[in-house]
Amino acid sequence: MHVRRTLRGKIATVVGVLALTAAVLTATPAAHADAGAPVELPRLVAADPVNHAAMLQAEVGYWNLARIAKYGLNSDGAEAFPPPGGWDDLSRPWTGQGKISRTTGKLLMVYRNSFDGALVPSACSANVITSANRSTIVTAGHCFKVTANLRAGLGDDVITNAVFIPAFNGANVPRFTGTDESNAPMPGNDVAPYGVWGVTRAWITPTWDADSTFRSGGDVAMATVERPGDPTPIQQITGGQNIAFGVAANPLSLHQFGYPTDNTRNWYWTRNSDGTTSADFGVAPSLRRGFDGRSLMYARGTTIDDSTINLAHDMASAMSPGSSGGPWLMNFDPATGTGTQIAVTSRFTNATGSSPWWEAAWAIVHGGTPNWAYGPYLMSNGFGDLTQAMYNTVRNTTP
């Protein structure tokens, strides 16, 4: 049952069976007795000194302004617009400075589908975290691998190319209107003030590798990054946000950051890819808004503990896809732009029916409306044991 079918005349039925669904779902994502080892994906850049520099340069060189515009901005071509009353805590541009304006950035990647070999570019968000190698970023697992569980058994999409642009500023990125996306200049300092960093190695949790239905709570990934021609680690340039594991139970006051891009799966947009509109789902005109992927946005609010249904922190948010993988920070100080990261944006309950109906029901019961963002955790509150095991591996590796 799609979300859009539950919201008009079927809410009572959905809520009535929520308890039964909860019992079924809590039996599905089994608890892990021990922290499992992270799964490293195939290297994106060769380790040997003969090929490393050339492969890193080719990876970064792929992402010219045309490809950044085509795959990193919104596909509808409209520029971002706020609600009539102005931006609110559900989403607003980050206009401050501080560390968050440097550590958060746009993640651009190219998947290769193992079913037919097709290349599929896309965009997410990511954040620099403190680590011994000073070269580690964290994002969502689905930004690096989308498995057959989400694609009706048609094969796995795994990244073959990815770059991270900290402090990405898309204000001066022209829309791509041509036919040859390979012929365009590279981004300058106005777009990438701290450079474009190639993703050299990437890891996902064992739960995400085995089961990407989102119920495992394992939608987390980490990676190392490097900049062509400069051995200086990224943390030395941008700084890094602290990361914590096993954070105390909800409710928590959190800030969610990222680059929302996809309006066709944006609950608050005026129209959707399936022909529906925000009005069809009772979204008041005063709340409708659009995103373009050009600017760092954030939401802030108090989470609810969703450990029995989705293994996630849930927070009311209007952020859309494109902000996937962006950081959720507690104890965030707007003056310094610092906080402690305890989750990433994993998914959304949205108007186009791509979220399971039970998530809509859960959100309705707890918040009145099914417009929530989800930040996964594993085994314990916040980033749990499997995420910590991944961090312990990645933080000491050589890019």
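## Surface, sheet and a buried serine

The accessible surface of the protein comes to about 14,900 Å², and carbon and sulfur atoms account for 53% of that area. The model is a predicted one, and in it buried residues make up 57% of the 399 residues. Of the contacts with a separation of 6 or more, 79% are between residues 24 or more positions apart. The secondary structure consists of ten helices and 18 strands.

Six of the strands form an open sheet with mixed pairing, in the order 2-12-11-15-16-10. Its edges are strand 2 (92–93) and strand 10 (242–243), each of which pairs on one side only. Within this sheet, strand 11 and strand 12 pair in the antiparallel sense over six bridges, and Phe257 has Tyr298, in strand 12, as its bridge partner. The residue ranges of these strands are listed below.

| Strand | Residues |
|---|---|
| Strand 2 | 92–93 |
| Strand 10 | 242–243 |
| Strand 11 | 253–258 |
| Strand 12 | 297–302 |

Ser324 lies in the loop between strand 14 (312–316) and strand 15 (327–333). Is Ser324 buried or exposed? Ser324 counts as buried because its relative accessibility is 6%, and the cut-off for buried is under 20%. The side chain of Ser324 is joined to that of His142 by a polar contact of 3.1 Å.

Notes
Residues are numbered from 1 along each chain as its sequence is written. This is a predicted model: local features need pLDDT of at least 70, side-chain atom pairs count only at pLDDT 80 or more; totals for chains, interfaces and linings use all residues. Side-chain values use heavy atoms; hydrogens and water are left out. Helices (H or I, at least four residues) and strands (E, at least two) are DSSP runs, numbered from the N terminus. Buried means under 20% relative accessible area, exposed over 50%, partly exposed in between (1.4 Å probe, protein chains only). Contact means heavy atoms within 4.5 Å. Accessible areas come from the Shrake-Rupley method with a 1.4 Å probe; for residues, only the protein chains shown count as cover. A polar contact is a pair of N or O atoms within 3.5 Å; within protein, one must be able to donate a hydrogen and the other to accept it, and residues adjacent in sequence count only if both atoms are side-chain atoms. Two strands pair if DSSP finds at least two bridges between them.
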